[in-house]
Amino acid sequence: MATWILGQSPWLHASRVRLRLDFLPPKVWCQARNRLNASLAISTQSPSSIEVEHMPLPRQAPDISVFEEMTAEYTLAVSQSSSVYTPQTSSGTLVNLIRTGDYVIAETLRKEMVDIKIPIQPHAIYERAARVVLQTKGIKNRGDAFSAWLSLVPTAIEQWSSFKDIRQQLFRGSNYLNISLIIRFGLVIASKGYIASDAQSQVLSTLARYASPATTERYILQLETVVDRLSKTGHVEVTPRQWASIYSLAIRNQVLAGRGEHALQLTRVAATRERQVTDFTFRFLLEHSPDEEFTASVHELREQISSHPYSIPDVWDKRTCSHTDTLALASHLRYLRRALISANPPTSYSLSDFMNAYHATGRTRALLALRKKAFQHSHKAKSLWVMAEMLYHRSRNEPQLVLVVFAYHFHMIGVPRRTILKIMRLISKRRARLSQRTSLPKHMINQQYNISEKLWPTPYHTALVWEALVWSTPESDHERMYKYLLAVADSSASQKPISPPDSKFAPSLLQLPKRAVDAAHFSPFVKLHAKRGRPEQAAGVLKDMVRFGLSPGVVQWSIVARGFAEYGDPAVAVSIIERLEEDGGSQVRAGVSGDHADRASSVLDIGLYTNVLRGFVLARRLEHAQDIERRIRQRFEYVDGELRATDDALRLLRNLERQMAS
């Protein structure tokens, strides 16, 4: 046995040593203890202790031939013994904490390791910790914690990642588009070598669309700084073609956001930094050129930095969409399958009409197939389909479902986000109670198609949201919502971050596109005041529209005139019609054509007169109603039976005449 002990290097660990003590009486044990203490108390300066200290160590290995040979008994004892404990590193402990879900303790350990400058080994599991930071509410310094955890993931060369979960939370799972977190995400993944990835493209598109032009330009310059630092270390090398894609993507999204001048400025920045821009982007700029000076500047820059100048002729095939109103349901379905993913898709109103007609048959399979095709094709097809769904619920007088569809598919930008979330929470509670008593209607069982990121809303979508909010919220909330709409309109017109009045929150980095608000956003408030007998306030809404550079259309003027005819001063209603007649006549005499002539004829639409006529009849103002009838028959040469709405209004007038005569 002794032979085996000396043959080990090093010798056995102390944990393997066992001492056998035979049982002794208390008196004997006490004597032995006293002798042991006495021997330990020997002075270290004794001659024997000094000799031991200066005794030289043996220079040769011990002769193991005097000991016993290794037998199976010793081998069995070694196999049953416990292994030597190896302490875990700090990085390993941090990984285990993340793996077990102890994120609070992991955050504390990470900070301590940073403070005492202990290096942390990169690991893909830290991406999970960064996602938890985004999901957890009430975290202080969320941006710093998110950047700290995300910076610990491996580089793109070491281990590639799509950052699917983090992108899902940033661009899809959150009801608020946090620009500062998106910037942090883009810069951190860029430092890891993700320059030309899908994640970086998503960051660039969002910033160019919903951040200020200065923020977008500053981000691209920071991106170049990160790339320069990585190229010096030899980790990443970005090709000129990749830089062209980066600048081109930002420029096109600036144009789509209505910021043509800023898109041109970003093109000049690319030329200054000797970066190319794709020729497709230049043709995109030319298509959205507002004037000849802009076009000349684009041509000049195109000759300098276009990647393939004039590779494709500037010819755009503008085909017209065929009419499908007369087609049968099956033929209409076959047409939609092709047109939905073509260059000339159908209108959202035609899709909504098809939804109504198809739902009337009690079937939904074709609608689900069409929606899947649209969602798999492109963002434009998705946006078109969701717009049709919102119009479908609007036609069914379901404003709350309009909000649900919008909130699921779009970023809540340009709309009162907190109000929508409050309504959705109430809907969830109500539907939960309803499902316990009875089954839900078929049209409310909406099997949503899973999407990887939320879409960008257009003014058409947000206008429907404002209309749904007006008719699904109490009267006490309308003034607050209208103030927020004015703040949104001011932000869109001045291109400054949204700053609502009396708000305790600081303005965010979020900036709306230039044409985010149009006249349709104000129409619900105009109609609300007119219906509630407040025509003066309805006229005040029109004044606010003009203040923001929005021209009230025939719909807004018709609502205001109807309000004065039914609840206010009838002379004001008549003066509105006369003023519109004068404006229309002056435009015709001036010989205007094109869009202006179309606008003049639309202002003098017969629907305006019909609406005012109905208001006078309901207010029992017979003389004014008869005057409007005379105008209708003289100006439009109207014959009974042409329009149902006008015939109904004239029928009400005949009844009023009989009542007043009796």
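Is glutamate 475 buried, partly exposed or exposed? Glutamate 475 counts as partly exposed, because its relative accessibility is 38% (buried is under 20% relative accessible area, exposed over 50%, partly exposed in between, with a 1.4 Å probe and protein chains only).

Some ground rules before moving on. This is a predicted model, where local features need pLDDT of at least 70 and side-chain atom pairs count only at pLDDT 80 or more, while totals for chains, interfaces and linings use all residues. Residues are numbered from 1 along each chain as its sequence is written, and side-chain values use heavy atoms, with hydrogens and water left out.

**Salt bridges**

Arginine 532 sits in the loop between α25 (523-531) and α26 (535-547) and glutamate 475 in the loop between α23 and α24, so the pair ties together parts 57 residues apart in sequence. Helices here are DSSP runs (H or I, at least four residues), numbered from the N terminus. Arginine 532 is partly exposed too, at 43% relative accessibility.

Next, select arginine 394 and glutamate 467, whose side chains meet in a salt bridge at 2.6 Å, N to O. Arginine 394 belongs to helix α20 and glutamate 467 to helix α23 (residues 459-470), so this bridge joins parts 73 residues apart in sequence.

Now pick glutamate 389 and arginine 371, a salt bridge with its closest N and O atoms 3.1 Å apart. Glutamate 389 is in helix α20 and arginine 371 in helix α19 (residues 365-377), 18 residues apart. Both partners are buried. A search of the whole structure finds 25 salt bridges; for a network of them, select Glu629, Arg633, Asp640, Arg654 and Glu657.

**The core**

Show the largest nonpolar core, which has 166 residues (a set of buried Ala, Val, Leu, Ile, Met, Phe, Trp, Tyr and Cys residues joined through side-chain atoms within 4.5 Å). Tyr126, Trp149, Leu150, Phe185 and Phe522 touch the most other members. Helix α20 (residues 379-395) gives the most to this core, with nine residues.

Zoom in on tyrosine 126. Beyond its neighbours within four places in sequence, its contacts (heavy atoms within 4.5 Å) include Leu94, Ile98, Trp149 and Val153. Then hop to tryptophan 149: the charged end of arginine 110 sits over its ring, 5.5 Å from the centre (CZ of Arg, or NZ of Lys, within 6 Å of the ring centre and within 35 degrees of the ring normal).

**Ring pairs**

The structure holds 14 aromatic pairs (rings of Phe, Tyr and Trp, using its six-membered ring, with centres within 6.5 Å; planes under 30 degrees apart are stacked, over 60 edge-to-face, the rest tilted). Select phenylalanine 163 and phenylalanine 185: their ring centres are 5.8 Å apart and their planes at 85°, so the pair is edge-to-face. Phenylalanine 163 is in the loop between α8 (142-150) and α9 (164-173), and phenylalanine 185 in helix α10 (residues 179-191). Phenylalanine 163 is buried at 1% relative accessibility, and phenylalanine 185 is buried at 0%.

For a last stop, select Trp466, Tyr482, Tyr484, Phe522 and Phe525, which ring pairs link into a cluster.

How values were computed:
Helices (H or I, at least four residues) and strands (E, at least two) are DSSP runs, numbered from the N terminus. A salt bridge is a side-chain nitrogen of Lys or Arg within 4 Å of a carboxyl oxygen of Asp or Glu.
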